[in-house]
Amino acid sequence: MYHRVEPLPPKSGALRTGLTVIPPNFQIQMDWLRERGFETVSLYDMQNALALGQPLPAKPIVISFDDGYRGVYDFAFPVMRAHGYTGTLFLPTELIDKQEPDYINWQMAEELARAGWKIEPHTKSHVELPGQPHNYILYQALGSMETIRAHVGYQPRYFCYPGGEYDAEVIGLLKEIGYWGAVTTRFAIDHQLKDAYKWGRVRVSGQETLRDFALYLAEPLPTASPTPAP
């Protein structure tokens, strides 16, 4: 789970620093994944494997990006494309509609979709849903689904909870309107079908060494461990 992949602005605070992986470190991580034999898959691939027994690569990995920051298109996309990798991008659709410069635009999202990426909903306005009125949750979950479908030409089926927050009502509504699963912010590297609406991820904050990255994925530790660049 990534957020920003871009150079870190001067005097960045703790929040911005924690959300940002600078491009040289992202390149190191993708190079290492390729060297270790990882192949990217989508949540659709993962669910088909769990539900139907369809085969996956020997070392599958879902690489996801939350929020739709512009750096994902400018910096992450070229690196991943060079490795034959694709990602899953979770978009808060109203922020993309506003064409704010910090975020990708719909033309970029459509290009990513044509390149094999999956574009999936992250609500309309990036609000936490538990405790909200039913109709408001519906507006956020269904509205973002329909907006993305209009742009990418397929029916999105996977949801990302803002802040990783959910409850039984939110999950019930997601099921009702046709979502097949959802991702949280809790740590997990293994997944089961029964947890499809509570799948965890590995958060990459940008402060990890390559050894940390390997530990997260239960891989043998690299002999050299580049530290994050300043």
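1. In this predicted model, strand β8 is joined to strand β9, which covers residues 181–187, by three bridges, and the two strands run parallel. Within this pairing, Phe159 has Ala182 of β9 as its bridge partner.

2. These two strands belong to an open sheet of three strands, in the order β8-β9-β10 and with parallel pairing. Because β8 (158–160) and β10 stand at the edges, each with a single partner strand, one side of each is left without a neighbour in the sheet. On average, and with direction ignored, neighbouring strands of this sheet are turned by 40° against each other.

3. Helix α3 lies across β8, β9 and β10, and its direction makes an angle of about 130° with β10.

4. The largest pocket has a volume of about 650 Å³. It is lined by 29 residues, among which Pro60, Ile61, Val62, Ile189 and His191 are the closest to its centre. Two or more lining residues come from each of α2 (23–35), α3 (43–52), β4 (60–61) and β10 (199–201). By residue class, the lining comprises 23 nonpolar, three polar and three charged residues.

5. The second largest pocket holds about 210 Å³ of space. Its lining consists of 17 residues, and those nearest its centre are His3, Leu19, Asp67, His126 and Arg203. Here the lining residues divide into seven nonpolar, six polar and four charged.

Conventions: Residues numbered from 1 in each chain as written. Predicted model: local features only at pLDDT ≥ 70, side-chain atom pairs only at ≥ 80, totals over all residues. Heavy atoms only, no water. 1 Å grid on protein atoms, 1.4 Å probe; cavity = no way out; pocket = protein on both sides within 12 Å on 5 of 7 lines; lining within 4 Å. Points joined across faces, edges and corners; volume = space filled by probe spheres on them. Helix = DSSP H or I, 4+ residues; strand = E, 2+ residues; numbered from the N terminus. Nonpolar A, V, L, I, M, F, W, Y, C, P; charged D, E, K, R; others polar. Pairing = 2+ DSSP bridges. Axes fitted to C-alpha atoms, helices over the stretch in contact; angles between N-to-C directions. Contact = heavy atoms within 4.5 Å.
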